[in-house]
Amino acid sequence: MNNEILVDIRGLRKYYPVKGGVFKKHIADVKAVDSVDLQIKKGECIGLVGESGCGKTTLGKTLLRLHDASEGRIYFNQPEEKINELENLLSNGNASDHGEIRKLRNELDLTKFSGKKLLDLRKKLQIVFQDPSNSLNPRLLVKHIVGEPIVAHKLMKGVALEARVLELLETVGLGKTHMMRYPHEFSGGQRQRIAIARALATNPEFILMDEPTSALDVSVQAQILNLLKDLQNNLDLTYLFVTHHLLVVKYITNRIAVMYLGKMMEISPTAELFKAPLHPYTKALLSAIPVPDPESQVEKIILTGDVPNPIDPPSGCRFHPRCKYATNICKKQEPELEDVGSGRKVACHRWKEIQ
């Protein structure tokens with residue numbers, strides 16, 4: 001891993017319209033992802049964690065353009081000086097710069113890509129879905145499932161295509177005997193290996209791992225995680241690993257980003273986050289990890305209340321209705337994601353006082 005930024009997300013929002021009344025008018029928005037900033041370095045595996053419904057998967061799919069962003073910019077492998085030039089123009093807000101802004105966004109911002117430019121980009125961005133039982137076409141043979149991205153992008157055909165499919169299957173621990181079978185003939189772990197082989201078919205640089213081990217047995221989870229680590233090292237891949245399983249991200253990730261109700265709460269190197277979490281929400285998540293010791297005295301932090309409605313999120317800090325440290329400023333003023341040193345960021349007014 002180096003310090004070169006591969007993915008740079010700025011102010012990303014994804015809102016889903018809510019319609020009501022006789023004429024189905026737009027009456028509100030579900031704020032699934034709300035003004036998220038995140039940078040992902042080349043060669044790293046960054047974990048994205050949080051409760052169900054906090055916007056993890058939506059963020060990942062918006063990054064891949066499986067969903068269209070409502071607002072914000074996503075830069076993929078773009079020169080830093082060009083990104084800064086565009087961001088400076090956007091922050092200045094001069095009407096005379098609108099033409100230059102539009103030109104730069106069409107050149108740099110993948111939320112504005114379309115046609116052939118977007119199609120070419122899709123070779124570099126891939127995804128492994130949560131449940132391989134649903135993500136693999138039950139009517140296709142494995143050789144056609146794995147070869148489908150290659151055919152779609154017209155990369156090769158015939159004997160070369162079949163050789164490439166076999167190479168991909170062998171890379172994930174399968175072989176020639178598996179090519180002429182259907183998905184239902186495999187175990188859950190084998191199906192996920194097929195899904196990983198398909199994701200590797202176009203030689204991507206970045207892969208979104210959308211809870212790739214949550215549908216698998218524990219022993220199989222370990223095998224898949226080891227496979228993913230080996231592939232990352234051997235093929236110089238970059239992962240965004242979405243999960244709710246904190247022990248999984250502790251094992252495989254370099255950094256962890258914590259989301260709550262569409263907002264980024266904390267970003268930290270993995271070891272530092274587990275050693276000394278900064279945000280109260282992160283502390284609560286870590287306290288929920290089961291400890292295999294009946295005599296353990298680890299204090300469990302029980303959050304009160306339910307996750308607020310993303311249609312009408314709380315003012316100020318999104319977490320303040322469930323936070324025992326909340327004060328008036330938490331209720332009125334939304335905290336910025338603050339850089340606190342050692343590669344750590346936190347969005348909390350009182351993080352220094354509660355350590």
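Mentor: T270 counts as buried because its relative accessibility is 6%; buried means under 20% relative accessible area, exposed over 50%, partly exposed in between (1.4 Å probe, protein chains only). This is a predicted model, where local features need pLDDT of at least 70, side-chain atom pairs count only at pLDDT 80 or more, and totals for chains, interfaces and linings use all residues. Residues are numbered from 1 along each chain as its sequence is written, and side-chain values use heavy atoms, with hydrogens and water left out.

Trainee: Which helix is T270 in?

Mentor: Helix 11, residues 270–275. Helices (H or I, at least four residues) and strands (E, at least two) are DSSP runs, numbered from the N terminus.

Trainee: And what does T270 touch?

Mentor: Leaving out residues up to four places away in sequence, T270 touches V249, K250, T253, N254, R255 and I256. Contact means heavy atoms within 4.5 Å.

Trainee: Which side chain makes a polar contact with the side chain of T270?

Mentor: That of T253, at 2.9 Å. A polar contact is a pair of N or O atoms within 3.5 Å; within protein, one must be able to donate a hydrogen and the other to accept it, and residues adjacent in sequence count only if both atoms are side-chain atoms.

Trainee: Next, helix 12. How many of its residues are buried?

Mentor: Eight of eight, across residues 280–287. Among them are P280, Y281 and K283.

Trainee: What do the buried residues of helix 12 pack against?

Mentor: Helix 10 (246–252), strand 8 (255–260), strand 9 (263–269) and helix 11.

Trainee: Switching topic. How many salt bridges are there in the whole structure?

Mentor: A search finds 17. A salt bridge is a side-chain nitrogen of Lys or Arg within 4 Å of a carboxyl oxygen of Asp or Glu.

Trainee: Which residue does R10 bridge at 2.9 Å?

Mentor: D8, going by the closest N and O atoms. D8 is buried, since its relative accessible area is 4%. R10 also meets E87 in a salt bridge, at 3.8 Å from N to O. That pair links distant parts of the chain: R10 is in strand 1 (residues 5–20), E87 in helix 2 (residues 80–92), 77 residues apart.

Trainee: Is E87 buried or exposed?

Mentor: Buried, because its relative accessible area is 14%.

Trainee: What about D120 and K123? How far apart are the closest N and O atoms?

Mentor: They are 3.8 Å apart, in a salt bridge. D120 counts as partly exposed, at 28% relative accessibility. K123 is also partly exposed, at 24%.
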